[in-house]
Amino acid sequence: MASLGRTLEQMQQGSLMRKVKSKSWKKQRYLELQDDCMTVWHKSKKTGHTKYTFSISDVETVREGHQSEVLQSLAEEFPPEHCFTVVFHGRRGNLDLIAGSPEEAQCWVRGLRRLVEIVTKMDQQEWICDWFQKADKNRDGRMSFKEVRQLLKMMNMDMNEDHALWLFQMADRSASGTLEGEEFVLFYKALTQRDEVLGVFRAFSRDGKKLTLLEFVDFLQQEQLERENTQELAMELMARYEPSETARARHVLSVDGFLLYLRSPEGSIFNPAHGTLYQDMTQPLCHYFISSSHNTYLLEDQLRGQSSIEGYIRIIESQGWKGPQEIGGPVGEGLARLGSHHLRLPPGNAFARHNAGQLTRIYPSGLRTDSSNYDPQEMWNVGCQLVALNVQTAGAEMDLSDGLFRQNGRCGYVLKPAFLRDAGTAFDPDDPRSRAEGGPWRLAIQVISGQQLPKVANSKPSAIVDPLVRVEIHGVPADQARRETQYVENNGFNPSWGETLPFKVHVPELALVRFVVEDYDKASRNDFVAQFTLPFASLKSGYRHVHLLSKDGTAIPPSSLFVHVQITELPRPE
């Protein structure tokens, strides 16, 4: 078997392959792995220009042979040892390729799989080296100040030139006028120093240099509101995230270990316990919200979009119908509006009672030829189980669906709140007081800072975002709200806001929290940058990172927001 180095060299030399979308759509593509070993481009046969195809970080897996609908349809024309499929994260369609020889196919399959494995396990040091290679244009293993300035723009940061030069000279310990190896690592660490994290660390550290076990326990209890087995948890986190063996042996946490914890799943705003299958799965089907899609076979819009069963492979689809004789007795009617189309619905409480014992499926009108979506929240508010969306259409509606079904191990089934499982419920989404339990709750989200935000899609390489953060609450009508920060000019690398956005939530069981980062534009509509959506019930309190996603739901590490979350129960109004 060829070594990884030889495999990557062959991929960098490029291969002429066929990209296929159907029996009739087959086009030649000369694919090349770039020198950074992170992106694949294809070269135009006509112009000789190269064009971006995909990033290794976008790839979920690589399938060999006829393991897609398209390649299965071409099985008689192309043998399986020539064929492979690149499967992407999120809702991006697959890439089906046919190589000129089995050896060439194996080279790309083996190489892509190894690179995906490396990227998945990539630590900060490797990520730093990756940026170094991107910025080292002449490949001499050194970086001039000019290359550093170009790097800062690549990293979405327009730093003051005097400050950048000062950091550069501080890191240039050899006084050679260039940075190499450890010098660049030193420069990067100075560039990415997290003063806001250091401030939190020092608030609990007696000497400002380390957290003892008891100090870390205090932090976990007082700020993160971790209540169970806190000392055992603290020791476990220290063992997992403290990089210094000496510190681990002494049961202390350094600033680096503290930051690694905050950026980990345990430091995420999304409760990691909700990432597993934790709900009761033995109840009747009508007691669950069920992930459901409409026109799943489409990869684009309804009129011009291609069809493929790949859509079904990528989403759970459950539908139920027990016949009209079991019912949507008269329950009365109200008028709901879905986009430009009307739907006759019962009033809130009557429909909620109906849905406690019957399955209801809601789906977009067939007249929505652009495959647009409606807001699914109002249907979940009355307990509708199967609220189908056009999953091929990215946007806020799909973000909400992804957010709701992020919990319970992403199995596609989420247990409805108790008041929506009771056939005699008094709950009415238009009257939050009909929810018998406590509350309301005050939610205060302090948006502290951002880290390595992505550029706007299809923007110029020199463009730098002016980011602002908007937090949205989606739920019953009384809970619907949105607040946003001011924008930070010319800094997508490490913007700082320090603004607190307050909300009042009456029905937390139905509320979703959506974080949206936009590029401010005073002359036109702001451009989308990134987002993350999760259930209110899955929020973790304290200092947390929000790990951002692209428009189609793909992870874009290391892009994140650093926030502080505080949830307080308020006196129930008379």
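The dialogue below turns to aromatic rings and charges over them.

Tutor: This is a predicted model, in which local features need pLDDT of at least 70, side-chain atom pairs count only at pLDDT 80 or more, and totals for chains, interfaces and linings use all residues. Residues are numbered from 1 along each chain as its sequence is written, and side-chain values use heavy atoms, with hydrogens and water left out.

Student: What describes a pair of aromatic rings?

Tutor: The distance of the centres and the angle of the planes describe such a pair. Rings of Phe, Tyr and Trp (its six-membered ring) pair if their centres lie within 6.5 Å; planes under 30 degrees apart are stacked, over 60 edge-to-face and the rest tilted. The structure holds 13 aromatic pairs. For F145 and F168, the ring centres are 5.5 Å apart and the planes stand at 75 degrees, so this pair is edge-to-face.

Student: Which helices hold F145 and F168?

Tutor: F145 lies in helix α5 (residues 145-154) and F168 in helix α6 (residues 161-171), so the pair ties together parts 23 residues apart in sequence; helices here are DSSP runs (H or I, at least four residues), numbered from the N terminus.

Student: Are the rings of F216 and F219 stacked or edge-to-face?

Tutor: Their centres lie 6.4 Å apart and their planes at 10 degrees, so the pair is stacked. F201, F204, F216, F219, F258 and Y261 form one aromatic cluster.

Student: Where does K21 lie?

Tutor: K21 lies over the face of W25, at 4.8 Å from the ring centre. The criterion is NZ of Lys or CZ of Arg within 6 Å of the ring centre and within 35 degrees of the ring normal.

Note on methods: Helix = DSSP H or I, 4+ residues; strand = E, 2+ residues; numbered from the N terminus.
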